Amino acid sequence: MSAHCANACSATGVEKIETGTTVREQTELHVCNSPTHEFVYSDRDFIRSGVLWLDKHRVGLNSDCGAGCQPLSRFDCGAGCQPLSRFDCGAGCQPLSRFDCGAGCQPLSRFDCGAGCQPLSRFDLTLRLGWLEKEQLGFFRYHLGDLQTKILPGQHGFVAQLNIQRGKERRKPQEIQSIRQSFNPNQFNFNKIEPGEILFEIRKENKHEPSTEPQFSTVSKGQSVSGTDAAQIDPNGPAYLDGGVTHTKTLVVINVSPLEFGHCLIIPEPSLCLPQVLTRDVVRIGIESVLLSSHPGFRVGFNSLGAFASVNHLHLHGYYLDHMLRIESARTEPLCPGQAFHLLSDTPAGFLFYTEGECLGALIHNICKVTDCLVEKNIAHNLFVTRGRPPGSSLHSGTSRPGIRVIIWPRLSCFGAKEETAFNVALCELAGHLPFKNRQDFDTITEAEVTEIVQKYLLPEKEFSMLQSQLMHLLHE
């Protein structure tokens with residue numbers, strides 16, 4: 001564990017502050033005691049192999065079938081769940097069994113229609129069906145529909161989508177002044193969302209399985225996290241670290257202004273009021289969420305403060321994009337191979353960790369070392385977790401995605417910067433997925449113009465090179 005990861009602070013305000021009240025008490029905990037469906041998983045649920053793109057460019061949005069299967073019907077659960085309708089794709093699809101709602105219902109069967117469909121995992125089915133239900137119940141600010149999508153000509157294969165409504169309807173970003181800005185209970189935070197926006201609570205359960213990973217203390221519900229108040233932390237070190245604490249409550253909620261199908265927010269212990277800075281446990285949750293999905297297009301990402309995070313309350317983004325991204329297979333250069341640390345040498349340049357599901361504790365430890373360093377240097381950053389090819393010197397063209405790529409992009413901070421008219425440069429844009437705010441830019445923009453916009457937010461080459469050397473030295477310690 002890094003030196004900073006070993007020194008836990010309180011959950012930024014769970015301990016008493018000068019007024020005699022706590023951040024938790026000051027915050028409207030609308031969701032704290034809301035009943036939620038619970039998704040319990042263990043390491044045995046990880047999909048460690050066999051994830052591949054069935055079609056080189058696209059997987060069907062709702063059925064993962066290249067044979068034109070129709071979307072799932074809405075399920076109706078009142079303790080006696082109704083069976084979902086058949087896939088009607090003309091390829092002999094089988095009916096699905098009943099939905100697992102926690103009332104004794106059996107899990108859905110695999111998507112097996114004889115047309116090469118991949119089975120979706122239990123995690124995918126829980127997320128996708130729940131998301132569709134919230135859409136039908138009207139919890140989103142707009143109807144997403146099928147977004148107009150195209151691949152921009154050129155070597156990068158940028159995936160451009162027209163999503164005008166998100167540009168108009170998404171919540172106005174909070175005013176941010178620092179990468180380490182404290183949580184403010186008076187601003188919007190995820191304790192103030194409507195309970196109906198919650199999809200489920202996700203929890204890891206390993207009590208029946210011996211684990212080779214390091215074991216850490218757990219935060220019990222209703223108890224404070226040990227440590228010092230954020231205001232008393234050394235200003236030269238991060239004031240967000242949890243010392244390896246494993247959160248007992250992680251919510252998965254809809255993003256009410258979705259950028260794609262299944263767009264959700266993964267929020268660890270909302271009532272702890274953690275600021276938007278990565279901790280080891282939230283990195284673990286992000287990686288394990290991707291491992292729980294059998295869909296190659298499920299991605300998870302993080303925007304730091306100063307990197308277009310709009311809410312200063314710790315959260316990750318998760319969503320499905322039914323298109324390959326170049327970063328899944330782009331060439332890399334080894335930096336510290338023994339630490340699974342590589343340079344993503346294609347534009348935009350970044351740092352890459354790779355795993356096929358083994359030794360996650362060591363991997364997360366090294367990722368935290370890098371992100372801790374960036375926070376200490378007040379360098380904004382974005383993180384992206386996706387299925388991908390093993391690192392290598394050449395571009396891989398195959399469809400198999402045997403492992404997980406975790407990419408970290410250090411970038412210039414944009415506190416109070418004017419937003420781009422075409423798209424903001426955050427986690428998905430750096431990954432090559434471009435949600436456009438207006439039709440004119442969507443219709444006319446070129447790969448060269450996209451690259452020019454993105455480049456404005458990257459570290460200068462000399463600064464990036466110096467940071468690379470410092471990180472290599474850090475990981476060798």
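This is a predicted model: local features need pLDDT of at least 70, side-chain atom pairs count only at pLDDT 80 or more; totals for chains, interfaces and linings use all residues.
**Stop 1: a ring cluster.** Select Phe39, Tyr41, Phe46, Phe123, Trp131, Phe140, Phe200, Phe261, Phe298 and Tyr320. Ring pairs link these residues into a cluster. The structure holds 17 aromatic pairs. One of them joins tryptophan 131 and phenylalanine 140. The pair is tilted, with 50 degrees between the planes and 4.6 Å centre to centre. Are these two residues buried or exposed? Both tryptophan 131 and phenylalanine 140 are buried.

**Stop 2: a charge over the cluster.** Stay on Tyr320, a member of the cluster. Arginine 128 lies over the face of tyrosine 320, at 4.5 Å from the ring centre.

**Stop 3: another pair.** Select phenylalanine 436 and phenylalanine 442. Phenylalanine 436 counts as buried because its relative accessibility is 0%. Phenylalanine 442 is buried too, at a relative accessible area of 1%. Next, show lysine 150. Lysine 150 lies over the face of phenylalanine 442, at 4.7 Å from the ring centre.

**Stop 4: a cavity.** Rolling a probe the size of a water molecule over the atoms shows where empty space is left. How many cavities of 30 Å³ or more does a search of the whole structure find? It finds five. To find its centre, select Arg326, Ile327, Thr347, Pro348 and Ala431, the nearest of its 14 lining residues. The lining has eight nonpolar, four polar and two charged residues.

Notes:
Residues are numbered from 1 along each chain as its sequence is written. Side-chain values use heavy atoms; hydrogens and water are left out. On a 1 Å grid over the protein atoms alone, a cavity is a set of points where a 1.4 Å probe fits but cannot get out, and a pocket is an open set with protein on both sides within 12 Å along at least five of seven lines; lining residues have an atom within 4 Å of a point. Grid points are joined across faces, edges and corners, and a volume is the space filled by probe spheres set on the points. Ala, Val, Leu, Ile, Met, Phe, Trp, Tyr, Cys and Pro count as nonpolar, Asp, Glu, Lys and Arg as charged, and the others, Gly among them, as polar. Rings of Phe, Tyr and Trp (its six-membered ring) pair if their centres lie within 6.5 Å; planes under 30 degrees apart count as stacked, over 60 as edge-to-face and the rest as tilted. Buried means under 20% relative accessible area, exposed over 50%, partly exposed in between (1.4 Å probe, protein chains only). A charge sits over a ring if NZ of Lys or CZ of Arg is within 6 Å of the ring centre and within 35 degrees of the ring normal.
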